[in-house]
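Visitor: Could you take me through this structure? I would like to begin with how confidence is expressed.

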Amino acid sequence: MSAHKKVVKDKVPLLQKASFGAGHLVLNLLPGALGVFMFFLLTAFGMNPFLAGLLGGLPRIFDALTDPIMGFISDNTKSRWGRRRPYIFIGAILSGIFFILLWQMDETNTQTYNFWYFLIMSMVFLVGNTMFATPLIGLGYEMTTDYNERTHLMAFSQTVGQIAWMIVPWFWVLIADPDLFADQATGVRQLSVIVGGICIALGLLPAIFCKGFDDAKMENRKEITFKKSLENLKELFHGIAVVSKNKPFMKLCAATFLVFNGFQLVASFSYFIIVFYMFNGDYGAAGNWPAWFSTITAVATAFLVIPIVSWLSDTFGKRKAFIISTALSIVGYILKWWGFSPENPWLIFMPIPFMAFGLGGLFTLMMSMTADVCDLDELRNGMPRKEGTFGAIYWWMVKLGQAIALVLGGLVLELVGFDQNATTQTVETLTNLRLADIVIPAVTAGLAIWVMYSYSLTEDRAKEIQQELVDRRGEL
């Protein structure tokens, strides 16, 4: 247990916490809505499944390239409004507008036209979204220097962000409801306007109300101009190389990759198990059970798991809190064997309070620990501070894990013998699917615990680093 008295020396005001949380709601709502809407590329717009898969994968490659660039730019920007806030303001507006335009396709257009329209607009949307997301993540790392308040801030923002996942599963129901929309394509077009408008309104709040480090105290930033683009590119790669040599940070990335990739790899399996194992392939009988499963998971994460994880962090430190919460998620994965019951569907909610510790603990603690790592980097390498670069590389690992999970998830379904065209599945297929649904995330979570067991940036060390930095350059 930590020996430090829990005194918050750099408390974030509630208005700033709420505004930062609103930004995280946008960070979750946009990809969540995008994932649901892309299903309707097949059913509403008649897109070939292979082409739809390309539209899901190709933009991710582009996105992986833009994140570090945006992180470097925001780290080195000089303005009267700070390093991050101008980009967040403009990025929020562009993200919402481009998301709306992305889905204004007409189902009567040719498949080729819709493919290229969606691919190009996806790239444009991702530029706006990166301009918003990467500086927002970096801003969160510098809103407080207090070891425990960093966890409280991330816990608050993750709680607000979970609201998106309470809402998103119901987009399936709304879009397919003939009483609300004339057809699915109309539902996608009109709902995208609502989602985009909400994201603009909420996304502007952190740009207006949140405050980071004093811009005047940020030293050694690079001049970012078109003429110096080659020099900037060299500095970008140098910054990435420096970040990659930070061992505590690489442990955070590795653990995140394992936990998130394992969870995402089997994310769709629960839906198939509910439909084909619990309800014998009857989609009508399965009804809204999958949506309720996702919504209750988000509710448990927001209002049960995250407060407990925050308390664990304050009491035992961030590393031990991660190990405890990840171990609890393994218990939840194992309980799914009994929770998915054809005799009693209500048991599907039994594993949720334990499973939710996986991602709920992961992002609350990892984002807090990344802020500590930024202090370590400044101590070793001086300014400029690299919150944007650290955030970009961390989330690049998350996106890489998600992309790999999409590929491997389909491979696992094929290996267990799942037939997407069949109305029922064999007993052997369902048994293997249920085992994969448990074993894969449990094993990757166990490996993540092993990785973090030797994580060296404890609370004592983090506070020593902060004091050394204050002695060297004063408070930021």
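Guide: pLDDT is the predictor's confidence in each residue, from 0 to 100. The chain has a mean pLDDT of 86, and 91% of its residues reach 70 or more. This is a predicted model, in which local features need pLDDT of at least 70 and side-chain atom pairs count only at pLDDT 80 or more, while totals for chains, interfaces and linings use all residues. Residues are numbered from 1 along each chain as its sequence is written, and side-chain values use heavy atoms, without hydrogens and water.

Visitor: Where does pLDDT stay under 50?

Guide: That is the case over residues 1-6, for which the model has 12 contacts beyond four places in sequence. Contact means heavy atoms within 4.5 Å.

Visitor: What about the inside: which residues touch the most other members of the largest nonpolar core?

Guide: They are Phe 37, Leu 41, Phe 99, Trp 103, Phe 171, Phe 322 and Met 366, in a core of 125 residues. A nonpolar core is a set of buried (under 20% relative accessible area, 1.4 Å probe, protein chains only) Ala, Val, Leu, Ile, Met, Phe, Trp, Tyr and Cys residues joined through side-chain atoms within 4.5 Å.

Visitor: Which helix gives the most to this core?

Guide: Helix α1, residues 14-43, gives the most, with 13 residues. Helices are DSSP runs (H or I, at least four residues), numbered from the N terminus.

Visitor: And what is Phe 99 in contact with?

Guide: Leaving aside neighbours within four places in sequence, the partners of Phe 99 include Leu 30, Ala 33, Leu 34 and Phe 37.

Visitor: Now Trp 337: where is its place?

Guide: Trp 337 lies in helix α13.

Technical notes
Helix = DSSP H or I, 4+ residues; strand = E, 2+ residues; numbered from the N terminus. Buried < 20%, exposed > 50% of the residue type's maximum accessible area, 1.4 Å probe, protein only.
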